[in-house]
Amino acid sequence: MDFEAAKALCRTFPGATEDRKWETRAVFSVGEKMFAMSDHAVPAKGICFKVDDERFLELTDRPGIIPAPYLARAKWVYVENAKALSDAEAAALLRRAYELIFAKLTRKLQRQIGEQA
């Protein structure tokens, strides 16, 4: 998994925004709700994102993936080793993180984002 490619992918999702928080974090959001976060610095040292509840334990059992600090209770994982996920699996997980957060937005906001895409 290439962390910089993962960040670039997050920027391509409909309605996704990137902003800088806590001085060092690049935060990716949709409808002002976070779905992924990484280091603002290049190259990034890792990336964290929301996962399905049923995948959380499976993913955190893998070497190089841990529960995301401060966000684990919301079922976020932190990938600290680039070799823990293939690029294809990482792309699918990031897409799913986006979809999980998008689904929690109001129908009105979902429509507005859909019209922009």
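**Exercise 1. A pair within a helix**

In which helix do Arg96 and Glu99 both lie, and how many residues apart are they?

*Solution.* The model is predicted: local features require pLDDT of at least 70, side-chain atom pairs count only at pLDDT 80 or more, and totals for chains, interfaces and linings use all residues. Residues are numbered from 1 along each chain as its sequence is written, and side-chain values use heavy atoms, with hydrogens and water left out.

Step 1. Helices (H or I, at least four residues) and strands (E, at least two) are DSSP runs numbered from the N terminus. Arg96 and Glu99 both belong to helix α3, where they are 3 residues apart, about one turn of the helix.

Step 2. A salt bridge is a side-chain nitrogen of Lys or Arg within 4 Å of a carboxyl oxygen of Asp or Glu.

Step 3. Relative accessible area (1.4 Å probe, protein chains only) classes a residue as buried under 20%, exposed over 50% and partly exposed in between. Arg96 is partly exposed at 33%, and Glu99 is partly exposed at 34%.

**Exercise 2. Further salt bridges**

Determine how many salt bridges the whole structure holds, and examine the pair Asp39 and Arg25.

*Solution.* Step 1. The search of the whole structure returns 9 salt bridges.

Step 1. Between Asp39 and Arg25, the closest N and O atoms are 2.7 Å apart. This pair links distant parts of the chain, with Asp39 in strand β3 and Arg25 in strand β2, 14 residues apart. Asp39 is buried at 14% relative accessibility, whereas Arg25 is partly exposed at 27%.

Step 2. Arg62 and Glu58 form a salt bridge with an N to O distance of 3.6 Å. Both residues also belong to a salt-bridge network that links Arg55, Glu58, Arg62 and Glu89.

**Exercise 3. The two sides of α2**

Identify the buried and the exposed residues of helix α2.

*Solution.* Step 1. In α2 (residues 53-60), the buried residues are Phe56, Leu59 and Thr60. They lie on the same side of α2 because they cover an arc of only 85° around the axis, the arc being that of the directions from the helix axis to the C-beta atoms.

Step 1. Glu54 and Leu57 are exposed on the face turned away from the buried side.

Step 2. With contact taken as heavy atoms within 4.5 Å, the cover over the buried residues of α2 includes β5 (65-67), β6 (76-79) and α3 (87-103).

**Exercise 4. Cysteines**

Step 1. Cys10 is buried at 0% relative accessibility, and Cys48 is buried at 7%.
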